[in-house]
Each structure stands twice: as structure tokens, then as C-alpha cells.
Amino acid sequence: MLGIPTHLAPRVNAWSLIRSFHAAAVASLAVSAGLLVVYGLAMPSVHVVPGLLALVPTAVMMGVHARFGTWRSAAAFLLVGGVSAVWFAAVVESQLGDADYVVSYLVSLAIIPLVLVGGAGARPGRVIAWSVVGFAVGRVATVIGAELVGGRVEPAVLAWLTMVLVIGIVGFGTRVTARLQRIQPEFLRSAREEHVAAYRQRMELEAAAILHDTVLNHLNAIAVAPSGPMDDHLARAVDADVSMLVSREWLVPGADTSPRGSSTGAGFAGADRSIPDGPAAASCGGDALTAVVEAARSAEFDVDLTGNTSAIARLDPETGTALARAVAQCLANVQKHAETDCAEVSVFDDESTCTVMVVDDGRGFEESATAADRLGLKNSVRQRVERVGGSVQVWSSPGTGTSVMMTVPFPTTPADVPEVGRLERAS
């Protein structure tokens, strides 16, 4: 019951009980018919066919009432079931009158469907009321049937126990539902707080990654730049990323975070070919991955883009943005650390995932030997891809170059949207 909307919980609980009662009623009729067939086979002198026929109208009306579930179908079921119970009780008393316990059991089985299926509506009080009325109708009908053939009126203990059980189950379910209704707001509040905390953590991690991709890369570009005025391209890139960081557009996956009036809003910074602003490049208009590659090429960094690049368009905005930003950071790492002027970006996909590989033939490294304060591969690549449900594998060793493979899932259905979008619409 936890997690079901509070206003639906009582009805869901009641309807679940009604369905289980219907199943028990069907079982009761099946057992009655089975016992009559066994007696008919064991004692050919006992005529059980009329008893079997008496069960048919009850079974038919049970299906009708289960289909419609209105008070009219309930009343019709009790009427037809009562007449059938009279017929059934008369047959059982006339044919099996000497077997008291068997007669009492069969008479109870004829009453039980009226107790379990007579209800209409999902309110607990109505379920109990209709069950009591069904028991009364069934009990009166079986007494009349016994009197018609001069038989003995059996106590129908099993039918009594069934009615008490129905009242107990419905009453207990009502109490449990009321208790869960009091707990539900706390449950929903806790779930919301947990969701908000997880979302906030994701935003903090993304903010840290973006700061690394922009501020730290800019500082590196400035540090290695020659003396004199700052390169115009680097200055524009710094200005673009500062504007992007001050605004909140980076919170929205796939948004255009380049400043208005900037020609690119991204790119490699100057002659040293560092990559100061992968996120800005990753989210400027058009294909984000293509923008990253073009930014690298504009800074005279030789990047080959191969494979099925159209697969990127099938990703949702959050995943596509995260993947493009991760690729931008990989290219930044190649430029800063690999001691090579070229890299290859390859895209390939299958039915469920899109994979991008960034490969270089540089000096390579040992990932396990990377210092803990080096956040590029750890935060800006690996954690960023993992936050959108993807995975990252790195193959590298000194002198053999580096290959970084990033795999992210395609949306499973057209209705899948990024969590950021869902939260914005909910707010």
C-alpha cells in the first residue's frame, strides 16, 4: 500500500479483497461440483445431476456480477443465487440426507459464493453489509430447500466461519489502510527529500566538473602562454565561460551555454592549443560532439571524427551533453599531457547504447598512478558519464598511447526525458 496515492489506497485495498473473494467463491463452486461428481461415481443410486445443474445459474450470475459490479447485478446475483441454493439444498438433502456432515459441508459451499460475491462497491462498509445480506439470503434459501423435501436443517458451520472471516479481513484491512494513510505523507516527504538530496549532489558534482573544465583549463592555458598580451582567442573563451558560469543555463542539459554575440563560445585557446572550455563547446548549437571537434580543429589540433556520428542525435539532451563534455575533457587531456598533436574520435552504436572512443598515440600513462588531486579523468570524464547511466573504460600504458571508451544508453522509450526536465516541470 505504501507508494499508492492516499486517495486511492482504500479503494485499491477493497478491490483487491473483492477479487480474492471472487476467486474463493469460484473455488467453492468447483469443490461443490467435484464432491457431487465423486458421490455420483461412487454411488450410482445417488442422483447428482440435478445438484450440478443447480450450480450453473449461480456460476453464470457470478460472472455477470464480476463483469459489471453494480448494485443491480449484485441484487440479481443474490436473487438467482438464492433460488439456486434452494434447488441445491433440496437435492442434497433428498439424495445425501443420511450423511449429515457431508450435507452440512455441501450446504455451506452453496452459501459461501453468496457471502463472497454479493457485494457491490469498494467501500469496506458496503462489502461487509453485502456479505451479511448474502449470508442471510443463502441461509434462508438452504433452510427452505431442506423443508421442501422434509430434510434436516444443517447448521452450515463453514458458511458462518466464512462470514466471520470476511468481516474480520475487511475490518483489519480498513484499520491497516487508515494507518497507512497516516504514514503515507511521511513516506512521500522522505522520498522527496532523498530525491532532492540526490539531485543536489548531482548538480554539485556537475558544477565541480564544469569548474575543472573551464577555470583550471584556462589557468593552465594562461600559465603556458608566452609573455605579453593574452591571446584574443583565449580571451574570448575565458569571457564566454565566465558568462556561462555566472548564468544558470548550464543547469539545463543541452542548453546553449555560449554567450550571445560570441562566434563560437568554445574552442582551443590560442597557439598552445589547450582546451579551456569543453562544456561551452559541448553545448553550443548543432551537434554538440561536432562542436567539440571543430573547436579542437580551429586551434590547430588534428582530430579525426569517424563512425556513425548521427547516433549522437538519438541520445536525450542530458546524456548527449554529458558525453560531449566528457569528450572535450578527453581531448584537453590529450593536448596537455599526451605530447601529441593528433587524436581520433570514433562513434559507433548498437540497438541500446552509443559508444565514443577517444584515441591518441601519445606517451600514455598509468591510471592507478594518477594523483588523487587530478580530477580531469576521474570527475570530468568517468563520473560525468556514470551520472547518466554510462560507463568508461581506459586503456593506457607508458609509451603506447591512450584509448578512452565511453558508453551511454539510448532512451528506452520516446517518453524518457532527462531528470532535470522532469524536475522543472514538477516544480
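Glu-339 sits in the loop between helix 10 and strand 2, where helices (H or I, at least four residues) and strands (E, at least two) are DSSP runs numbered from the N terminus. Its phi is positive, about 60 degrees, even though Glu-339 is not a glycine. Glu-339 is exposed, with a relative accessible area of 68%; here buried means under 20% relative accessible area, exposed over 50%, and partly exposed in between, with a 1.4 Å probe and protein chains only. Most residues other than glycine have a negative phi. This is a predicted model, in which local features need pLDDT of at least 70 and side-chain atom pairs count only at pLDDT 80 or more, while totals for chains, interfaces and linings use all residues. Residues are numbered from 1 along each chain as its sequence is written, and side-chain values use heavy atoms, with hydrogens and water left out.

Ala-156 also has a positive phi, about 55 degrees, and is not a glycine either. Ala-156 belongs to the loop between helix 5 and helix 6 (157-224). Buried or exposed, then, is Ala-156? Ala-156 is buried, at a relative accessible area of 0%. Another positive phi, near 65 degrees, turns up at Glu-300, which follows helix 9.

As for the chain overall, it has 12 helices and five strands. Of its 427 residues, 45% count as buried. Contact means heavy atoms within 4.5 Å, and among the contacts with a separation of 6 or more, 72% come from residues 24 or more positions apart.

The strands make an open sheet of five, in the order 1-2-3-5-4, with mixed pairing; two strands pair if DSSP finds at least two bridges between them. Strand 1 (302-307) and strand 4 stand at the edges with a single partner strand each, so one side of each has no neighbour in the sheet. From one strand to the next the twist averages 15 degrees. Axes are lines fitted to C-alpha atoms, for helices over the stretch in contact, and angles run from 0 to 180 degrees between N-to-C directions.

Going through the pairs, strand 2 (residues 342-349) and strand 3 are antiparallel over six bridges, and Val-345 is opposite Val-358 in strand 3. Strand 3 (residues 353-360) runs antiparallel to strand 5, joined to it by eight bridges; Val-359 has Ser-403 of strand 5 as its bridge partner. Strand 4 (residues 391-396) pairs with strand 5 in the antiparallel sense, over six bridges, with Val-394 opposite Val-404 in strand 5. The hairpin of strand 4 and strand 5 has five residues between the strands, and Gly-399 there takes a positive phi near 90 degrees. Strand 5 (residues 402-409) has seven of its eight residues buried, so it is largely enclosed by the rest of the structure.

Two helices meet this sheet. Helix 10 (residues 317-337) lies across strand 1, strand 2, strand 3 and strand 5, and runs at about 175 degrees to strand 5. The buried residues of helix 9 (residues 288-298) are Ala-288, Leu-289, Ala-291, Val-292, Val-293, Ala-295 and Ala-296.

Elsewhere, helix packing is the topic. Helix 3 (residues 71-96) and helix 4 pack at about 175 degrees with their axes 10 Å apart. Helix 3 and helix 4 are therefore roughly antiparallel, given that angles under 35 degrees count as roughly parallel, over 145 as roughly antiparallel, 65 to 115 as roughly perpendicular and the rest as oblique. Residues making the contact include Phe-77, Gly-81 and Phe-88 of helix 3 and Val-103, Leu-106 and Leu-114 of helix 4. By class, 12 residues of the contact of helix 3 with helix 4 are nonpolar, two polar and one charged; Ala, Val, Leu, Ile, Met, Phe, Trp, Tyr, Cys and Pro count as nonpolar, Asp, Glu, Lys and Arg as charged, and the others, Gly among them, as polar.

Within helix 3 lies Ser-84, which is buried at a relative accessible area of 3%. Leaving aside residues up to four places away in sequence, Ser-84 touches Ala-54, Pro-57 and Thr-58.

Helix 4 (residues 100-117) and helix 5 (residues 124-148) have axes that come within 7 Å and cross at roughly 150 degrees. That makes helix 4 roughly antiparallel to helix 5.
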